[in-house]
Amino acid sequence: MDTTTHTTLYAERRARLAAQLGPGGIAVVPTAPEHLRNRDTGYLYRFDSYFYYLTGFTEPNAWLIVTAEGTSTLFCQPKDQEREIWDGYRLGPEAAPDVLGVSEAFSVQDLGEKLPKLLENRATVWYPFATHSGLEAQVDGWLRKVRARVRYGALCPDTQRDLCSLLDEMRLVKDAHEIATMRRAGAISARAHIRAMQRSAAMLRAGQDVREHHLDAELLHEFRQHGSQYPAYGSIVAAGANACVLHYSAGSAPVRDGELVLIDAGCELDGYASDITRTFPANGTFTGPQRTLYDLVLASQDAAVAATKAGARFIDPHEATVAVLAQGLLDVGLLDSNKVGNAQDVIASRAYFPFYMHRTGHWLGLDVHDCGSYVEPSELGTVSERKDPLSGETIKDRPSRVLRPGMVLTIEPGLYVRPGEGVPEAFWNIGIRIEDDAVVTEQGCELMSRGVPVRADEIEALMRG
């Protein structure tokens with residue numbers, strides 16, 4: 001994307017936001033703070049997603065102010081030759097209007113002086129609630145300075161509103177630029193999964209000691225090799241029984257011949273996350289019980305994919321998954337129909353929960369668990385109550401979100417079988433999850449992560465190579 005197109009993209013987003021702020025509205029958006037890792041060494045910096053969505057600006061210590069009239073003011077780090085020698089180039093406030101398309105820019109050192117003046121005579125101040133520690137206190141401090149000037153005729157905003165409510169809705173439907181970036185991220189991550197699969201089989205064939213961290217290294221290499229800035233989240237590389245731990249981190253556990261490996265990993269590219277899970281035989285060949293459960297999870301994903309389309313509800317893919325898994329758990333003997341009844345009974349009682357305890361997907365975008373309500377906004381007032389059959393608590397249900405073209409979500413069913421009474425031993429310690437990234441279209445959905453095979457036969461063929 002050239003600089004002009006880049007500037008226009010973010011300017012259009014700011015204009016859309018400005019149009020929603022209401023008469024006299026003003027929005028205050030900080031980027032993320034820097035954090036020390038230990039002593040004087042910082043964690044690798046990552047900008048705030050809301051701030052980046054409106055600016056495309058990746059430097060720390062910056063603020064964006066947007067007014068209902070459409071003006072935008074950036075506060076950023078000033079040019080400083082000595083600090084730039086140590087920390088790298090700074091754009092600086094002088095260059096920011098031309099480069100970023102904002103109306104004006106100032107040094108962040110002037111924030112405390114200028115913010116109260118910008119808030120003066122405004123009706124409503126918008127900022128993201130509960131996202132930045134201490135932000136509410138900062139806003140209060142600026143408003144106190146405005147209130148101190150009321151004797152001179154200044155008006156102080158009398159309303160504070162959550163900016164997330166506007167930005168979440170904007171970010172939920174991706175534009176063409178965002179989808180193109182996410183396709184590229186998905187392609188990079190798919191290549192990384194392929195690399196890890198092939199490396200596992202090759203090392204075992206060569207008689208080498210294979211550890212989870214070996215496969216993690218293959219993922220990281222491929223991410224960076226193709227321009228990804230970071231992993232989108234801490235990669236899960238789980239061998240054998242470790243795959244039954246949902247948020248397991250890649251460690252030094254051995255990857256053994258005859259066991260499955262579950263890898264849940266995705267890169268972040270230009271701010272946007274990918275999120276792929278594949279489960280594969282460490283040596284490249286599924287055993288009979290592994291293949292039985294794998295094909296069941298894949299069938300449940302196929303059902304979820306078919307249910308993902310414009311006009312459907314967000315909950316529909318999950319319900320399609322559970323319907324397939326409920327019947328499948330009975331068919332393979334993980335659930336006993338004499339104890340739990342038929343598939344409908346399994347769903348009603350949530351008897352599947354010991355083997356499948358998470359939802360089938362989440363929003364995906366600038367954050368791997370992206371923002372956006374899972375409830376349909378036009379139906380917030382429609383509430384029903386039900387008693388959870390497992391916990392006994394009363395749950396209030398509201399209508400699930402209606403899917404629209406451009407929404408991006410993951411589709412990630414799984415099965416996790418731990419040893420237990422009545423659990424067939426052939427399935428013990430098998431953990432399987434299959435996850436792809438789907439963008440909703442008018443016709444259905446596009447899976448942006450299928451550059452890595454998903455069918456068992458295709459995985460085996462890939463790993464023989």
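This is a predicted model: local features need pLDDT of at least 70, side-chain atom pairs count only at pLDDT 80 or more; totals for chains, interfaces and linings use all residues.
Local features need pLDDT of at least 70 and side-chain atom pairs count only at pLDDT 80 or more, while totals for chains, interfaces and linings use all residues. Residues are numbered from 1 along each chain as its sequence is written, and side-chain values use heavy atoms, with hydrogens and water left out.

**View 1. The largest pocket holds about 780 Å³ of space.** A pocket here is an open set of points on a 1 Å grid over the protein atoms alone, where a 1.4 Å probe fits, with protein on both sides within 12 Å along at least five of seven lines. Its volume is the space filled by probe spheres set on the points, which are joined across faces, edges and corners. Lining residues have an atom within 4 Å of a point. There are 28 of them around the largest pocket, and Ile315, His318, Glu319, Arg359 and Arg386 lie nearest its centre. Helix 11 (315–332) gives the largest share of the lining, 5 residues. At least two residues each come from helix 11, helix 13 (343–349), strand 16 (394–397) and strand 17 (408–411). Helices (H or I, at least four residues) and strands (E, at least two) are DSSP runs, numbered from the N terminus. The lining has 15 nonpolar, 6 polar and 7 charged residues; Ala, Val, Leu, Ile, Met, Phe, Trp, Tyr, Cys and Pro count as nonpolar, Asp, Glu, Lys and Arg as charged, and the others, Gly among them, as polar.

**View 2. The second largest pocket holds about 510 Å³ of space.** Look for Glu34, Tyr45, Pro60, Gln77 and Asp87, the closest to its centre of the 19 lining residues. By class, this lining splits into 7 nonpolar, 6 polar and 6 charged residues.

**View 3. Helix 8 (residues 176–205) packs on helix 14 (residues 456–464).** Their axes are 8 Å apart, at an angle of about 60°. Axes are lines fitted to C-alpha atoms over the stretch in contact, and angles run from 0 to 180 degrees between N-to-C directions. The two helices are therefore oblique to each other; angles under 35 degrees count as roughly parallel, over 145 as roughly antiparallel, 65 to 115 as roughly perpendicular and the rest as oblique. Helix 8 passes helix 14 in a right-handed crossing, meaning that the near helix is turned clockwise from the far one by less than a right angle. Contact (heavy atoms within 4.5 Å) involves Ile194, Met197, Gln198, Ala201 and Arg205 of helix 8 with Ile459, Leu462, Met463 and Arg464 of helix 14.

**View 4. Helix 8 also packs with helix 9 (residues 212–225).** Here the angle is about 145° and the axes lie 8 Å apart, with a right-handed crossing.

**View 5. Helix 10 (residues 288–306) packs with helix 11.** The axes are 7 Å apart at about 155°, and the two helices are therefore roughly antiparallel. Their crossing is right-handed. Residues in contact include Leu293, Leu296 and Ala303 of helix 10 and Val324, Leu325 and Gly328 of helix 11. By class, the contact has 12 nonpolar, 4 polar and no charged residues.
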